[in-house]
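I opened my notebook to look up a few things in this structure.

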Amino acid sequence: MRHMTALVKPASSLCNLKCSYCFYCDEAEKREKNSGKIMNSETSENLIRKMFDFCGEKSMLTFMFQGGEPLIAGLDFFKNFVKAAEKHKTEGSIINYSLQTNGTLIDEDFCEFFKENNFLIGVSLDGEKPLHDKYRSESFDRTMNGIELLKNHGVEFNILSVITAKTDASRLFDFYIENGFRDVQPIYCLDSLSGEKSDYSLGAKQLARFKKRLFNLWFSEVSKGNHFYVRDFDNLLSLLTKGVAEQCGASGRCNAQLVVESDGTCYPCDFYCLDEFECANINDADINDILNSKGLKNFFEHDEERNSLCASCRVRPLCGGGCKRYRKLYNELSGYCPQMDFILHAIEKLQSVR
């Protein structure tokens, strides 16, 4: 079975909020052409058809909708997308859908659609109201209302939290437990592409301290036999037990994503949707053209400087130098790596139960 995933930007970087740390707005502003519009039906159908043409029968296609705020595209966009996918679906194939949203535009109609079509929803929620509202346009109450609607309709969802310099691991974990959020993904806040420092982006020591504290809390909870999924920790366990991880950044080995902007322009990675890595446009090219594009070659040849400790690091097989978008943070302090610090801590904690 051939697997393929597309990360689709149906509304580009358009959003109904203005979050202080939005990395995709930062990227979009750096591009010569910023789509800034809603994906039309021709583009979405070209994407679907060309992915099935490439993968053939008995394939598994996953469409992940992100933004900006993808729900700005409107319910009809998603209904038409699913209808087109069913039309082009090859024999014996499987289609999966997921969507990442700030949760404020979720209503009854969206929930009924999500449930009917088995969408997995990732809701961006940074923790308690004061922390969430500080950087997310005071949207906490609307986001929690959206989550309540998802619960009421039985829609599967998880929580994505941007971790800033203001995030306290213990308070965040308590917030998760109190609200029954047991499938979560931390997203670590970085400086902008210009390198300009902010009061919310993490420093190297802050990153390691947060991850270690959250790991301790998670470890205590799962040791009781309770379910609690944290994407980072699940990937580390997979590397320790199987030697592989589902998240490319966890192992430091880039995979070619298919990121599709609303005008059809394709990029190799959500962190690198920039002009020099532009691959092709799905309206003009097929999947093979994209895989053989100069932009994709540039992406794989491009690297960020690795931490000097990598050469002799005993946990490098579990990290590979980490996601290259994070390497400036890993190199922030001479003779120190937050990823090494965290992994050694996690291994020691795991070995203590043997």
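Predicted model: local features only at pLDDT ≥ 70, side-chain atom pairs only at ≥ 80, totals over all residues.

**Core.** I started with a definition: a nonpolar core is a set of buried Ala, Val, Leu, Ile, Met, Phe, Trp, Tyr and Cys residues joined through side-chain atoms within 4.5 Å. Buried means under 20% relative accessible area, exposed over 50%, and partly exposed in between (1.4 Å probe, protein chains only).

Residues are numbered from 1 along each chain as its sequence is written, and side-chain values use heavy atoms, with hydrogens and water left out.

Then I looked at the largest nonpolar core, which has 91 residues. L47, F63, F65, F114, F181 and L258 touch the most other members. Helix α8 (residues 204–223) gives the most to this core, eight residues. Helices (H or I, at least four residues) and strands (E, at least two) are DSSP runs, numbered from the N terminus. Another core lies apart from it, with seven residues, including L17 and Y135. I wrote down one general point: in soluble globular proteins, nonpolar side chains tend to be buried together.

What is F65 in contact with, leaving aside its neighbours within four places in sequence? I found V8, P10, P70, F77, F78, F81, Y97, S98, L99, Q100 and F119. Contact means heavy atoms within 4.5 Å.

F110 came next, in helix α4 (residues 108–116). F110 is buried, with a relative accessible area of 6%. Not counting residues up to four places away in sequence, F110 touches L71, G74, L75, F78 and L105. From F110 to K79 I count 31 residues in sequence, and 9.9 Å in space, C-alpha to C-alpha.

**G92.** I found G92 in the loop between α3 (75–88) and β3 (94–101). Leaving aside its neighbours within four places in sequence, G92 is in contact with M1, K58 and S59. G92 and G203 are 111 residues apart along the chain, and their C-alpha atoms are separated by 48 Å.

**Cysteines.** How many disulfides are there? The count is zero, taking a disulfide as a pair of cysteine sulfur atoms within 2.5 Å. For C111, the nearest cysteine sulfur is that of C15, 18 Å away. C111 is buried, at 0% relative accessibility.

**Cavity and pocket.** I needed the grid rule here. On a 1 Å grid over the protein atoms alone, a cavity is a set of points where a 1.4 Å probe fits but cannot get out; a pocket is an open set with protein on both sides within 12 Å along at least five of seven lines; lining residues have an atom within 4 Å of a point. Points are joined across faces, edges and corners, and a volume is the space filled by probe spheres set on the points.

I found one cavity of 30 Å³ or more. The largest cavity holds about 100 Å³ of space. Its lining has 14 residues, and N307, C310, C319, G321 and C337 are the closest to its centre.

The second largest pocket holds about 360 Å³. It is lined by 21 residues, with D191, S192, G195, R325 and K328 closest to its centre.
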